[in-house]
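Here are some notes to read alongside the model. They go from the whole chain to single residues.

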Amino acid sequence: MKIIVTGSLGNISQPLTKELLQNGHSVTVISSNPEKQKDIEALGATAAIGSIDNLAFLTRTFTGSDAAYCMIPPNFHFHGNLDPRAYYRAIGETYAQAIQQSGVKRVVHLSSVGAHLDKDSGIILAHHDMEQALKKIPGIALTHLRPTAFYYNLLGFVGAIKKQGVMASNYGADDRVPWVSPLDIAAVAAKELMTLTEGIKVRYVASDELPCIEVARILGAAIGKPDLKWVIKSSEETQNGLEAAGVPPRVAAGLVEMNASMHSGVLFEDYYRNRPALGKTKLTDFAKEFAAVFK
């Protein structure tokens, strides 16, 4: 199969590309960074240098392919006052047009847990809109991958642990959260891309399910702080802390609302109704990476 992978050589796209190549497929990796071309080609893939918001480029790259993995890099979250939901909506429409115009028939879309919600989920609403845009495309086989909370988002607590000695947000403590490794997402994405199917389906991806107090215990043990706690603070305190750290107010508000939906459990309701088999990479595995960054 000829498969298109978006996301350059990111945390998911790189292991995904490697697995597809190992299974004998022809892979083209889209990257907006020309400096990534040599690294992409070193893997044995073809590099397509351009932007996913360029319809002509995206259509041209998709044309002649059997399948495409579509995602939106999250690094735009910290670019000024950009509205994440509006940005996702625009990119979703561009993806939809490129898929239709190119004729690609198999699409795997990286969405998010909570994308079933149409309100009160903060920045996750952007994923909801993206799903709606892709669902309108006639005649394609579409899988929405909905990964849970990413392990590497826990790295955002490093500074607070060093300064305050605790993990703190407007979710945490006894809240039970399903977590996921990019490696497990890549493995599921590869299987979906290599599987011929019909219609639209949703597939959740998770690696571990743990209360936040247990997350703190595991990470604390890895960094030599066995008494590390994860405490809950107010949404207002969380908003102020994010803004103080340089997060744009609109994005901070979206993160706070998302966290609140995690605390209430609403974000995970559909996940637990459609609970997947857990992946291989556990939090104890990620704790080694966390400790290396913490030093």
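1. A term first: helices and strands here are DSSP runs, a helix having at least four residues and a strand at least two, and they are numbered from the N terminus. The model is a predicted one. Its chain comes to twelve helices and twelve strands.

2. Overall form. A compact globule of 295 residues would have a radius of gyration near 19 Å, and the chain agrees with this because its own value is 19 Å. The C-alpha trace spans about 55 × 40 × 35 Å along its principal axes. Of the 295 residues, 53% count as buried. Among contacts with a separation of 6 or more, 75% are between residues 24 or more positions apart.

3. The sheet. Strands of a sheet pair through backbone hydrogen bonds, either parallel or antiparallel. In this model seven strands form an open sheet with parallel pairing, in the order 3-2-1-4-5-6-10. Strand 3 (46-49) and strand 10 (200-205) each have a single partner strand, so one side of each is left without a neighbour in the sheet. On average, neighbouring strands of the sheet are turned by 20° against each other, direction ignored.

4. Strand 2 (residues 26-31) pairs with strand 3 in the parallel sense, over four bridges. Opposite I49 in strand 3 stands S31.

5. Helix 4. This helix covers residues 84-102, which is 19 residues, and reaches 26 Å from its first C-alpha to its last, close to the 27 Å expected. At its start, a side-chain oxygen of D83 comes to within 3.0 Å of the backbone nitrogen of R85. After the helix comes G103, with a positive phi near 85°.

6. What does helix 4 pack against? Its buried residues include Y88, I91, Y95 and I99. An α-helix has 3.6 residues a turn, so residues three or four places apart point the same way. The buried residues of helix 4 pack against helix 3 (55-62), strand 4 (67-70), strand 5 (106-110), helix 5 (125-135) and helix 10 (249-264).

7. Backbone angles to check. Most residues other than glycine have a negative phi. D120 has a positive phi, near 60°, and its place is in the loop between strand 5 and helix 5. A173 also has a positive phi, near 50°, and lies in the loop between strand 8 (167-169) and strand 9 (176-180).

Definitions and conventions. Residues numbered from 1 in each chain as written. Predicted model: local features only at pLDDT ≥ 70, side-chain atom pairs only at ≥ 80, totals over all residues. Heavy atoms only, no water. Pairing = 2+ DSSP bridges. Axes fitted to C-alpha atoms, helices over the stretch in contact; angles between N-to-C directions. Expected span 1.5 Å × (residues − 1). Buried < 20%, exposed > 50% of the residue type's maximum accessible area, 1.4 Å probe, protein only. Contact = heavy atoms within 4.5 Å. Polar contact = N/O pair within 3.5 Å; in protein donor to acceptor, adjacent residues only side chain to side chain. Rg over C-alpha atoms; globule rule 2.2 N^0.38 Å.
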